[in-house]
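Hi,

Here is the structure I promised to pass on. Have a look at it first, and then read my notes below.

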Amino acid sequence: MVGVTVSTVREVTYEVLRNLGMTVIFGNPGSTELPFLRDMPPDFEYVLGLHERVAAGIALGYSLGKGAATFVNLHSIASTGNGLSAIQDAWHMHVPLVVTAGQQDRRHLLAEPFLISRAVETVRPYVKWACEPLRAEDVPASIARGYHLATQPPMGPVFISIPMDDWTHDCQPVAPRQISGKLQSDPAALDELVQALDSGRNPALVAGSQIEEDGGWHAVVALAEHLNANVYQDPIASRWTFPRSHHLFRGGLLPAQQPLADQLASHDVVAVLGARIFLYYAHVPGHTVKPGTKLFQLTNSPSDAAAALAGTSIVGNIATAAEYIRAHSKPRQRAPEDSAPSPDPRPEHPVTPAFLFATLNRVMPRDAIIAEECPSAKGELDRYVRLDQPGSFYSVPNGVLGFGLPAAVGLQMAHPGRRVVCPIGDGSIQYSVQALWTAVQQNAPVIVIVLRNSDYSALKGFCDFTQVGRNVPGMDIPGIDMVKIAEGYGIAAQLVDRPDELEPALRGAFATAEPRLISVNVAPGGQKTMGMDQSVHPPNYR
Ligand SMILES: Cc1ncc(C[n+]2csc(CCOP(=O)(O)OP(=O)(O)O)c2C)c(N)n1
């Protein structure tokens, strides 16, 4: 066209990313990405992860911390495969990652060259949209389209595969657009819930992770206080979405049918805000809730609404729904319930997880953030760590280890004014240990606390829980020196063996503005599986 300045796919893509606010690129490069990455504009930053699980996992933490979409650039199928578990985490956690990966040169794809990628097919079950644009000049608009899809509720990752010869093609600019994707629930359906709450004897709320996705923390606290209702956290919560020391908070629900129904048995109306009904782990059949209980679900996910096992589901934004219910329902009075504080754990040798978390809770700033992955010590963490601010807690969304450390680094990068703590098992840290290096390179002062019990305690606990027995291989991991490994990546590290060494080590870590790793020799845990023991009648796999 005469008189129109023609840019390249590469130039237009950088302009699209700039307009969408995605100027930090998380990745691990390969030959198929070099034509894009060369001469990166100076207003962009590249954050290198030494493994793609780590690069995409740090992006995930960054996205959670910023509450914004984040751009990831992986290498062909080689690194999309490696990064898949982080993409899966983003899928389950509703995190808007815009993931791209290089593809071989279009001109010889038919000949199946070295590094040819079937990444689109590989990631499809775990993304909202996966495509390889049919034409080179569609690449920037595909990234914009992916962004707009990723950021609409329920948010989630998208994937675009880009052949390496596309970047030099001519391309027209892509005009920036705005999309408002906030969906309001049907007021008639909310009125039904209001009526149930008004006529209920003892209603309860279940807080789920979507409360944070929808910016509903304060609206839900206000609703709970208005209703004077007990509040439970959803089972195996990937985010804490209610202040832990609030007088209405009653702890987490158990992840199995009958035990969960038993926990809620005293309530005649249960409103689940932003969670599935329900996320289970052990198969203990039973009712979803006690028969006769009126069960409601508010969710931003049509898929979760469709999959709920029981009750009435109302799709829409959680924050505005909570505000509507508060404005239309009757306030309730009732005498506060007593809840005995957990007893102070004693300093024992080896250190117990309970003592570790009680000490951490005493020492850490009240606005600290936890990104955790300590399977057998989860119960103690839950009991002793009390954080009351939004955005304080993140955990493995679907049981795939490797989430915790990269998420902690990304969260720390997103929140330079808050301190991120990563309590992590000596087994779990091995799945994404390279994130330590990025923490050092990015000056992200994350505090990593390794619970060193030299085994897979959670699995041993599960063996007992399900009566599989202990004659199972691969349960012990002796001889790992995390202090040396951390030092090898350039991070200051120290070993804690005795209980009296713990508090000074933690205080020392909080006093510096650098990343730190503290490896604590702890007593093996795993007496309970996600808070459950034989009393719940677990499945028997023997
Ligand atoms: C990627 C992945 N591999 C394996 C597992 C199975 N798994 C669940 S818990 C666990 C043990 C983790 O060990 P550690 O971090 O030391 O915690 P501990 O059980 O000792 O508390 C393993 C291997 C998993 N969930 N995810």
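How many helices and strands are there in the protein chain? There are 19 helices and 20 strands. Before you go further, keep in mind that this is a predicted model.

Let's start with the overall build. The radius of gyration of the protein chain is 24 Å, and the globule rule also gives 24 Å for 542 residues, so the chain is as compact as a globular protein of that length. If you draw a box along the principal axes, the C-alpha atoms fill roughly 75 × 60 × 50 Å.

Next, the ligand. Around the ligand sit 15 residues, and those that come nearest are S376, G399, G427, S428 and A458. Sorted by class, this shell has six nonpolar, seven polar and two charged residues. Helix α17, which covers residues 457-465, gives the most to the shell, with three residues.

- D426 has a polar side-chain atom 2.9 Å from an oxygen atom of the ligand.
- N453 also places a polar side-chain atom 2.9 Å from a ligand oxygen.
- With A458 it is a polar backbone atom, and an oxygen atom of the ligand lies 2.7 Å from it.

As for how covered the ligand is, it exposes 590 Å² when taken alone, and the protein buries 78% of that.

Now a piece of sheet. Strands β13 (residues 294-299) and β14 (residues 312-315) run parallel and are joined by four bridges.

Where do the cis peptide bonds I noted sit? One joins I277 and F278, with omega about -20 degrees, and F278 is in the loop between β12 (269-273) and β13. Another joins H349 and P350, with omega about 0 degrees; P350 belongs to the loop between α12 (318-328) and α13 (353-363). There is also E112, which has a positive phi of about 50 degrees although it is not a glycine. You can find E112 in the loop between β5 (97-103) and α5 (119-123).

Key: Residues are numbered from 1 along each chain as its sequence is written. This is a predicted model: local features need pLDDT of at least 70, side-chain atom pairs count only at pLDDT 80 or more; totals for chains, interfaces and linings use all residues. Side-chain values use heavy atoms; hydrogens and water are left out. A residue is near a molecule or strand if one of its heavy atoms lies within 4 Å of it. A polar contact is a pair of N or O atoms within 3.5 Å; within protein, one must be able to donate a hydrogen and the other to accept it, and residues adjacent in sequence count only if both atoms are side-chain atoms. Accessible areas come from the Shrake-Rupley method with a 1.4 Å probe; for residues, only the protein chains shown count as cover. Helices (H or I, at least four residues) and strands (E, at least two) are DSSP runs, numbered from the N terminus. Ala, Val, Leu, Ile, Met, Phe, Trp, Tyr, Cys and Pro count as nonpolar, Asp, Glu, Lys and Arg as charged, and the others, Gly among them, as polar. Two strands pair if DSSP finds at least two bridges between them. The radius of gyration is taken over C-alpha atoms; the globule rule is 2.2 Å times the number of residues to the power 0.38.
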